[in-house]
Amino acid sequence: MADIASIRSEFPLLTSRTIEGAPLVYLDSGNTSQKPRRVIDAMSFMETSYAPINRSSYRLAGEATEAYEAGRTAIARLINARSSDEIVFTKNASESMNLIAMSWGRANLGAGDVVVLTAMEHHANIVPWQMLAQERGIEIRWIGLTDDGQLDLANLDELLDGAKVLSFTAMSNVLGTIPPTKLLCEAAHAVGALAVVDACQFVPHNVTDVQDWNADLVAFSSHKMCGPSGIGMLWGKMEILEAMPPFMGGGNMIDTVTFEGFTTAPVPAKFEPGTPPIVEAVGLAAAVEFLEDIGLDKIRQHEMSLTRYALDTLNGRFGDDITIYGPDNVEIRGGVFSFAFRDLHPHDISQVLDEKNVCVRAGHHCAKPLMQTLGVNATTRASIYLYNDESDIDALADGLDGASDIFGF
Ligand SMILES: Cc1ncc(COP(=O)(O)O)c(C=O)c1O
């Protein structure tokens, strides 16, 4: 992988936001990532080629449509989809998950049907199913966790017995855990259930192959992978997307409309009512090219070694004063470190770190059932990406020492 200093120099914000000479230490990429110059520049396509897509026959509109569709092609390539038509653009991963629950779920689930989730899910993969449970009386079952923050698969067969859906994260946004996605998709299919993957934290950091997973529907977001906010993705097997009813109605998603009713456009337009995130799709294509140029395999390698460094540094320096949740084995975890530190409240830690220009997240991380499982209300979470290096982890550790001094520990 190219050296981190040179990768970092491509991110204007990372190099410009100093506080009293202290460089920005951005450790909140699990929340949202920073953007390279290439993405920012691509979005200035508004100066040259912006126009409506799909609706107008003039040249400029044709150019804008092509640029928008190039975003779809880039995403299909990134995750090894069979065709770019299998990529639906949404607003974010949350909308993609809602689309799945409200479209596939409403069409296929009724009272007593079972959806299996895991105790490490983000609210985006919990609440839409709970909404459906309230509406339809479906049953939700939960895969629990082992002590080191992996999925406890000991009673998987029992939990999946009679299930219609297994929906799970490919990487936990709190624990960093990377569950065995392929195995879980296989287990779902063995009982005839739909395999849904929340790949929001996985895609930005790993080589993703949805065909190898043999998943059915996969949700993820642009803003966590160096692309702009405002655009998310739903990938699905074409036959599954084709059988799903539309989620929202309006322009663009129809074939025809009469006084009596409507027929739908083919996938993916069927799920993209109204004017889509045109500029965002252009920025996203640039983000995908940026990640591909560096190499997702190299990004994963870099993050594995930085994760090892972070776990060793924090545990080595603070011993029993720090509890880092999730597995210690970097083969099965990503660079997300949620921790408890010396009885300090996560919000206090985050505020003191901010004084040192170190950005981390404090709170429940949209995973309240997981917080309940861990027996805490909140954690502090540091999360890395391709632009972080050992100096960022050192700054975090120094900042934690400083926080102890301030609060008298
Ligand atoms: C695992 C996971 N799923 C879903 C989401 C929701 O993503 P978005 O904010 O793009 O809707 C997040 C965001 O933090 C996440 O980490």
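Colleague: If a pocket is an open set of points, on a 1 Å grid over the protein atoms alone, with protein on both sides within 12 Å along at least five of seven lines, where does the ligand sit?

Modeller: The ligand sits in the largest pocket, where sitting means that more than half of its atoms lie within 2 Å of the pocket's grid points. This is a predicted model, in which local features need pLDDT of at least 70 and side-chain atom pairs count only at pLDDT 80 or more, while totals for chains, interfaces and linings use all residues. Residues are numbered from 1 along each chain as its sequence is written, and side-chain values use heavy atoms, with hydrogens and water left out.

Colleague: OK, which residues are around the ligand?

Modeller: Counting residues with a heavy atom within 4 Å, the list includes Asn92, Ala93, Ser94, His122, Asp198 and Lys224. By class, the shell has three nonpolar, seven polar and two charged residues, with Asp, Glu, Lys and Arg taken as charged and Gly among the polar ones.

Colleague: And how far is a ligand oxygen from the side chain of Ser94?

Modeller: An N or O atom in the Ser94 side chain is 2.6 Å from a ligand oxygen, a polar contact in the sense of N or O atoms within 3.5 Å. For the His122 side chain the corresponding distance is 3.4 Å, and a polar backbone atom of Ala93 lies 3.3 Å from a ligand oxygen. The protein covers 91% of the 390 Å² of accessible area that the ligand has on its own, by the Shrake-Rupley method with a 1.4 Å probe.

Colleague: Switching topic, which peptide bond is cis?

Modeller: The bond from Val267 to Pro268 is cis, with omega near 5 degrees, and Pro268 is in the loop between β10 (262-264) and α11 (278-294); helices are DSSP runs of H or I with at least four residues, and strands are runs of E with at least two.

Colleague: What is the phi of Asn214?

Modeller: Asn214 has a positive phi near 60 degrees although it is not glycine, and its place is the loop between α9 (210-213) and β7 (217-221).

Notes
Polar contact = N/O pair within 3.5 Å; in protein donor to acceptor, adjacent residues only side chain to side chain. 1 Å grid on protein atoms, 1.4 Å probe; cavity = no way out; pocket = protein on both sides within 12 Å on 5 of 7 lines; lining within 4 Å.
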